[in-house]
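The stops below are meant to be followed in order.

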Amino acid sequence: MLGTAGVGALGACGKESGSATDPRSLLIGGLPVTCNLTLPIASAARDAQLRAQPSATAYRYAFSKYSGWPEIKESLMAGRVQAAYMLAPLVMLLADSGIPVKIVSLGHRSGAVIMVRTDSPYQRFKQLAGKIVAVPSRYAVDFLFLRKMLAQEQMTPADLQIVEMAPPDMPAALYANAVDAYCTGEPFGASAQRAGFARPLRMTRDEWRNYICCVLAVREELIQKDPAQVQDLVDLIQGAGVWLDQDRANRDTAVKIAAGKSYFNQDPAILQFVMDNPTDRVTYGDLRMIRAEFDELMRLSIEAGTIKHEIPYERYALETFVRAAKAAPIRL
């Protein structure tokens with residue numbers, strides 16, 4: 001059973017920040033979630049580079065903060081942004097419906113958790129049978145993660161009461177016993193864990209090591225008009241991923257940057273908790289596009305009923321830029 005609670009995805013309204021009036025500047029949509037962390041790092045790194053060595057010909061990237069996937073999707077469809085971090089299954093559906101958009105890079109790996117109350121009796125996933133479990137959206141890969149755990153226990157979604165809920169509302173709902181568990185991306189699991197009333201029951205780091213959710217999607221007009229900028233952006237994203245996994249000190253720096261008002265505008269202590277508990281809760285160093293992994297997402301989405309038929313890989317993905325990528329040095 002799939003019911004509805006909250007407002008779905010991440011929130012009810014989108015908010016764009018930053019500007020891109022310079023013709024060489026690109027506004028990129030993203031959410032304030034750690035699966036999108038490579039985006040503010042790439043943006044901040046380019047800003048730092050230009051402060052150190054101003055250039056009239058360098059590309060610039062402005063982070064445009066949104067509160068929900070539907071709002072990013074609408075902006076990408078309408079061309080208000082030419083690039084955005086999006087849920088991979090949503091990009092597949094957009095491309096299949098004729099929206100000229102392609103996945104050109106991953107943004108992260110892992111980063112989803114299934115949280116239960118610290119004082120709950122649940123130690124095994126099967127103990128959630130008959131319980132209320134919240135997910136962000138049927139189109140979120142978190143939902144597919146939940147379904148994988150169900151299949152592992154020879155269970156089906158009918159064995160749970162699954163509701164859709166905005167991730168920022170999930171910790172409070174768990175605290176109030178309005179739900180028995182929730183499955184979502186970070187930092188919304190870490191915030192409850194750090195507060196002491198919740199613990200992870202399952203984590204993608206343990207159960208689905210090649211988990212991917214958020215991907216960099218770019219409109220085809222930009223690919224055709226300025227492939228050099230798309231390559232530059234992918235190089236920066238790849239560089240940000242390498243840098244984030246290279247040294248713990250880099251993650252500390254990333255937290256300070258991303259928590260700022262120009263980016264996530266969040267409590268840095270919660271972001272730091274995600275980075276440290278454990279250190280591979282979310283990973284960024286391997287941002288390769290691997291067709292077999294997208295094929296798995298496609299299969300799982302079709303089984304879930306969120307995608308109705310197989311969509312050709314070439315319709316929604318373009319590996320050219322990742323294959324040619326040279327990870328940009330990140331100096332922050």
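**A tour by selection**

Begin at Pro187, which is found in the loop between strand E10 (181-185) and helix H6 (190-195); helices (H or I, at least four residues) and strands (E, at least two) are DSSP runs, numbered from the N terminus. The peptide bond from Glu186 to Pro187 is cis, with omega near 20°. This is a predicted model in which local features need pLDDT of at least 70 and side-chain atom pairs count only at pLDDT 80 or more, while totals for chains, interfaces and linings use all residues. Residues are numbered from 1 along each chain as its sequence is written, and side-chain values use heavy atoms, with hydrogens and water left out.

Next, select Asn277 and Pro278, which are joined by a cis peptide bond with omega of about -10°. Pro278 sits in the loop between H11 and strand E13 (282-283). Then go to Gln154, in the loop between helix H4 (141-152) and strand E9 (161-164). Gln154 is not a glycine, yet its phi is positive, at about 55°.

**The sheet**

Show the open sheet of 5 strands, ordered E3-E2-E4-E12-E5 with mixed pairing; two strands pair if DSSP finds at least two bridges between them. Its edges are strand E3 (60-65) and strand E5 (101-106), each of which pairs on one side only. From one strand to the next the twist averages 30°. Strand E2 (residues 25-30) runs parallel to E3, and 6 bridges join the two. To see a bridge, pick Gly30 and its partner in E3, Lys65.

Axes are lines fitted to C-alpha atoms, for helices over the stretch in contact, and angles run from 0 to 180 degrees between N-to-C directions. Contact means heavy atoms within 4.5 Å.

Rings of Phe, Tyr and Trp (its six-membered ring) pair if their centres lie within 6.5 Å; planes under 30 degrees apart count as stacked, over 60 as edge-to-face and the rest as tilted. Phe264 is in the loop between helix H10 (248-258) and helix H11 (268-276), 201 residues apart from Phe63. The whole structure has 8 aromatic pairs.

Move to H10 and helix H9 (residues 227-246), whose axes come within 5 Å and cross at roughly 120°. Select Trp243, Leu244, Asp245 and Gln246 of H9 with Asn250, Arg251, Thr253 and Ala254 of H10, which make the contact.

Where is the space in the largest cavity? Its centre is closest to Val33, Trp69, Asp142, Thr184 and Gly185, of the 14 residues that line this cavity. The space in the largest cavity is about 130 Å³. On a 1 Å grid over the protein atoms alone, a cavity is a set of points where a 1.4 Å probe fits but cannot get out, and a pocket is an open set with protein on both sides within 12 Å along at least five of seven lines; lining residues have an atom within 4 Å of a point. Grid points are joined across faces, edges and corners, and a volume is the space filled by probe spheres set on the points.

Finish at the second largest pocket, with about 150 Å³ of space. H1 gives the most to its lining, with 5 residues. Select the lining residues, among them Ala45, Gln49, Leu236 and Arg331.
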